[in-house]
Structures are given as structure tokens and as C-alpha cells.
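Dear colleague,

I am handing over the structure below, together with notes on what was found in it. Please read the notes with the coordinates open beside them.

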2 protein chains.
Amino acid sequence: MPAFPTSVVAALPSLVPFVAPEALEKQLGLKFRLRLGANESTFGPSPHAVTAMAQAASHVQNYGDPQNIELRDAIAHFHGMPAEQIAVGVGIDGLLVQFCQAYLDPSRVVVTSLGGYATFDYAAVGTGAQVLRVPYRDDKPDLEGIVKAAVDSRASVVYVANPDNPSGWRSDSSEISKFAAQLPPDCLLLLDEAYAEFGEPETPLAGDRVVRFRTFSKAYGMAGLRLGYAICGGDQAAIIDRIRPHFEVSSIAQSAGIAALSDQEHVRSVVRAAQDGIESIRKIALSHGYRTLPSRTNFVLIDVSTADSASALLNRFLANAVFVRKPSRPPLDRCVRITTSTAAELELLADLWPK
Amino acid sequence: MPAFPTSVVAALPSLVPFVAPEALEKQLGLKFRLRLGANESTFGPSPHAVTAMAQAASHVQNYGDPQNIELRDAIAHFHGMPAEQIAVGVGIDGLLVQFCQAYLDPSRVVVTSLGGYATFDYAAVGTGAQVLRVPYRDDKPDLEGIVKAAVDSRASVVYVANPDNPSGWRSDSSEISKFAAQLPPDCLLLLDEAYAEFGEPETPLAGDRVVRFRTFSKAYGMAGLRLGYAICGGDQAAIIDRIRPHFEVSSIAQSAGIAALSDQEHVRSVVRAAQDGIESIRKIALSHGYRTLPSRTNFVLIDVSTADSASALLNRFLANAVFVRKPSRPPLDRCVRITTSTAAELELLADLWPK
């Protein structure tokens, strides 16, 4: 008789939230010429971070600091927060799994968007909690609908991405503040700000039941490194410290993160180039008769009108060796999502755009 | 009113399993001259792995493969196992947290050694399961006592490290096979083989309820990289795939792991040097009137007779800028644990050994 997983884990589906481009290449029997499907940064990391990675690699035989002291100090200084309120993990994905484990169990309810960030959904489902999914409204997260669902269900956790993936929409800080104030008083708001750097700086949302997530995968250009952090309004970092694997973040990531934070000029140049790229994609799409949705991120949705035509366009992109993705749920499943890139890559995109 | 963690997490203690050498340096106000407390490899990684890390870092803007396909293929080939039975994670520590999450909950019982690997204890406690700890017997894990505790408690999971940390003891494969056969039929055996490379190769334990854990942190010399794997006797890798963060292992670690596996001559040279180093430490200890315990690992226990005298010796090592550790529980708390190292470092150890 085999050993059995817990009742919660036994009931989970076997699925992978994202099929990787490497796996798609195997399926399709081709090598992608453009990799514009995962919102990676073609602009790469800061040269300071590259140097820091090489230096850290030269003493990789030693464990990194399990408390991430220097990195958390650097992040805390950057945001003007106490280091005790910074949690560090292997990307926002890793942190979301830990926050769900700490704040959700089969007796609890969590509210997210239907068709929102798939990895949050995966992390929430993994705890056995009841997951309520509020459909997008006007092509953006339905903040009013999420509040109503959270209040009605006495939700323990609410997840919203701002700017949002996959829509690209960014609510302004007054809307987010109003939204947060309407949530139940004992509800934790997980605010995923993976794409924050791509919009104008705004007053960050504060409050002891708000956790904001940031990543080095997008504007900082180090998705392969696995590094993200949570800015905790309350005692959440200390709670996560009770369950996280302490030697989780590599010494290379710790060093690269500190160096990357110190080079904000690199971030600004990436953001400018990303915005130029989105404008280029908008023009290319228009030349093919498609409008694009507004975006404050490093990607943009091409509106293809129907889910079927969007699937067809997606498949033609893939056949042309262009890796892009599409949202899976209405109303955004009528769109194809393309990551912004360098001028050279977007010229190639124009060439490879399906006729 | 703040948001509350789950009842399981709310009940957990706030403690860090290991105080890092960096934190100890701050406490003591000194910089360590020798870092021999964390069983790291002074011999460093394979040059092949160094090259692979640099190559992977040059395209760190891209996500690594979330399914770790090439790395799992390489590991599977190395061990003569199907890739479906290999799970990859951020070191054995990260995998132990995931296996505990998948196979333990507050209704279940797990058996380990009292004073065994602290991070397993931490991971098990984190699930809310009942943790039974069987004391060491004759300075090694009490396999008979663990079987009895597992049978009596109908344990779901048993954890044993072989070779064991902190004792250094290695049971031979016939003992481990007999032990595994006596466990309850629906009990999962987690066999931590972090130090396996330091002993002679033996017939590995098989069976669909046995999971063996390996790491790139010890003989492979890449503790800072965070990479380990599980060789699953049954369907456990597929179960873990339901709950792990899929983009967890960095692209740098994936590439370095493949390169490191391909250089077994490096591993053999590290193992030879480690054994020479243990012999040197044994001689230095003897010259100070201490005997050492047998070790098939990259560290050795110095028998200081009593816990108080061991604490005193530990503190004198630390005051001399030599980072070493000691076990915290009887009977091994009468010992100080020293990691093997290069001949040059062990000459310095002889000089800095407290008079």
C-alpha cells in the first residue's frame, strides 16, 4: 500500500499553471525566434547586477544568509520601511505560495479575479481554501465585485494585481485605497505589484493588513534568478518566517538584488524602452486592423474580437516561431498578449506577424 | 483588527533553525577566519559548473524551465531512474518543506530523531502534525526505536538521514533495508542522503514509499546556489508538482546542476580531500586529548565528554574566530562539530585550536 498525501493535496488537480516555451518548442518541433510570451525583459539586468552575480558565484560553496539581512536592509531603505516588514522569497510566485499557506486553509475563503494571475489561483487552490473568482468588468479587475464577494463570504484573503496581468490595467492609488478600506476588517489584501515600475510612481497603499509584492523578474530583468519581496503592512514577514525554508534565496540572488536596486537609472531606461515598444506593437497591430488595450506594464493585449479568432491568431504566431500567450477566460480570452521588447525585436515581430 | 494566520501557523514558534555565521559575526563583533560550522565545501564547485553559471547568468532575463526538464533528465540518467520520479527543489531544505506539506497535516504523526536535522523538524512542526522524536542510541539514529514509534503511532512519515547529521554515522544498506521493511505499510520514508557521496557507493534503497534526497550543497560545493533533488520510489514527484512553486529553481542552478553532475572526477577528488581532512582533524583533536566519532560525511564530531565542556570549547573556538557548531541535544551535545577542509585551512585550525 503506498503512502498517501493529505486529504487536501490528494484532492488537487495535476496541472502546470504555465506551459513553458521550452515545452512548447518540443510540442511544435521548432525553436522560437521571438520570446514575447512571458513578460520577460529583453533589456536584461543592470550591469551592476551582472558583476554582483559573478562575484557571488565565485564563493557559491558557502550558504547565503538565511535571514537575507543585507538584501532586506537594502529593500527597506529603498522603500523607507523597517527591514522587519520585508519578506524575501524566490519570486512573487514563491511568496504567494507561502502567504497562502500561512493565511488560508480548508475552512477559509479567498477572493481573486476569474482569469487573473494563474499562479495565485494555483497557490490558493493548493491550501484547500474555497476560491471565489470575480469576473473582469470593462476589461479590468472588478474591484466593487471583489469587495462584495469578500464581504459576503467573510473572506480571509483577497488578491488583486495592480497593474494587472493579463489585462495591463492600472487602477490609481485613490481607487485602490477606497477598495482596501471596504474589505472586511480581518481580511488580508495581497496586492501584486510585479509591474509597478512601468507606471508613474504613486502614493503606495499602507495599512497593517496590506502586503505589496515586488519582483526582480520584470523591470529589473532577472526572471531566471528567482527573487521577489513582500512589503508587509503588519507582522506578516514574521509570520512567513515561521514556515519558509530559510536557505531558500540563493547567495547569487541576494547579491544581485542589492546591486540591481542601486541602479535605478537602468530601471528608468528599461521603462522608457518598454513604453516605446508598446507604442510600436500598437502601431503594428493597428496596421493589421487590431486595436490594443491600455497598458501600464511591459506587455499589451491585442484585441482580436472573439476567443476563437484570438486562438487562431495565437496559433499562427506560434507557427511563425513567435512565442506569445493569450488569456484563457472571458472577456480577455478574445485577446493575444505580447511582451514589449527592443526596437530590433519588434521589427522582426512586424515581419513575422501572421498575414 | 489585523488579519490572522491559520490556527496551525498561529501556534508555531518564532525561531530560526540556524543562526547564520553572518549573524554570529555581528553578535561577536568579529570576522571569522575559518568557516567550518556549516558543512560547506571549501573545495568549491566543478569548473564545469562555474562555466555553466556564467553562461546562464548571461541570459538571466529569461525564466528558467518550470519543469526542469533537462536537469531532471540528467539526474534521472545519472541514477538510472525515470525522470518522472525525480523532483527538483531549492536544496533538500526546500523539498523537505514541500514533502511535509504534501504528506503531513494536524491529523498525522511523523517520527524523526531527537537532535536530528533541525530543518526537517522545523518543516514537520510547520504542518501542525504531531512530531515524535526518538533519542539517538550509541551515538547514532535508533532505527529500532524509530520503527517502534512509527508502528505504535501509525506514523504517516518517517525521516532518517543516512549518513546522519550531526552524528556522522552511516548505516549500511542492509540495515536500512531491514529498517524500511519494518515500517508501517502506508508510511512514507524520507531518507536524507545529503552526505551520500562521502561514503562508498552501496545498493540504494528502493520501494514505492521511499524517497531519497540528494543535494548540490555538499560534495558538489554549491550550497549558495540552492539546488537539491528527490529520487522518488513512487508517484511522489507528481504529488509535489501539485503544490510547489513551478518557477522556483533558478535558471543558473538548473544549468550548474547539469554541468556538476557531468564532472564526477571533481566529486571524487573532493571526497578524497574531505577524508584526508577528517583524518587531520582527528589528529589535531587527539593532540588536545579529545577523541572523534566515526564519520562518513564531510564533518566530524569532537567528543568533549560533557555538554558544558563542549559549550565552553565551542565558545573558545568562536572567540578565536573559528566558526564551528555543536549538537544541541543529548547524547551528542557533548560534542563539537567541525567541517573538513583543505590542508591549508586545517593547519590554521591547528593554530587557532583553543589552548
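This is a predicted model: local features need pLDDT of at least 70, side-chain atom pairs count only at pLDDT 80 or more; totals for chains, interfaces and linings use all residues.

The side chain of Ser167(A) makes a polar contact with the side chain of Asp164(A) at 2.7 Å, where a polar contact is a pair of N or O atoms within 3.5 Å, one of which, within protein, must be able to donate a hydrogen and the other to accept it, and where residues adjacent in sequence count only if both atoms are side-chain atoms.

Residues are numbered from 1 along each chain as its sequence is written, chains are lettered from A and ligands numbered from 1 in the order in which they are written, and side-chain values use heavy atoms, with hydrogens and water left out.

Ser167(A) sits in the loop between β5 (157–161) and α8 (173–182) of chain A; helices (H or I, at least four residues) and strands (E, at least two) are DSSP runs, numbered from the N terminus. With a relative accessible area of 2%, Ser167(A) is buried, a word that stands for under 20% relative accessible area, with exposed over 50% and partly exposed in between (1.4 Å probe, protein chains only). Leaving aside residues up to four places away in sequence, Ser167(A) touches several residues, including Tyr136(A), Asp139(A), Phe299(A) and Leu332(A), contact being heavy atoms within 4.5 Å.

Turning to the interface, 75 residues of chain A are in contact with 74 residues of chain B. The two chains bury about 6300 Å² between them, 60% of it on carbon and sulfur atoms, where buried area is the accessible area (1.4 Å probe) that two parts lose on being put together, summed over both. Gln61(A), Tyr63(A) and Arg242(A) supply 13% of the area that chain A buries against chain B, more than any other three residues. Across this interface there are 38 residue pairs in polar contact, both residues at pLDDT 80 or more, whereas the count of salt bridges between chain A and chain B is zero, a salt bridge being a side-chain nitrogen of Lys or Arg within 4 Å of a carboxyl oxygen of Asp or Glu.

As for symmetry, a rotation of 180° with 0.0 Å of shift along its axis superposes chain A on chain B with an RMSD of 0.0 Å, and the two copies are thus related as by a two-fold rotation axis; the superposition is by least squares on the C-alpha atoms of residues with pLDDT of at least 70 in both. The C-alpha of Ala54(A) comes closest to the rotation axis of the residues of chain A, at 3.5 Å.

Over all chains the structure holds 32 salt bridges. One of them joins Glu265(A) to Arg268(A), with the closest N and O atoms 3.2 Å apart, and both residues lie in helix α11 (residues 264–287) of chain A, three residues apart, about one turn of the helix. Glu265(A) is partly exposed at 41% relative accessibility, and Arg268(A) is partly exposed at 46%. In chain B, Glu40(B) and Arg35(B) meet in a salt bridge (2.8 Å, N to O), in which Glu40(B) counts as buried at 5% relative accessibility and Arg35(B) as partly exposed at 24%.
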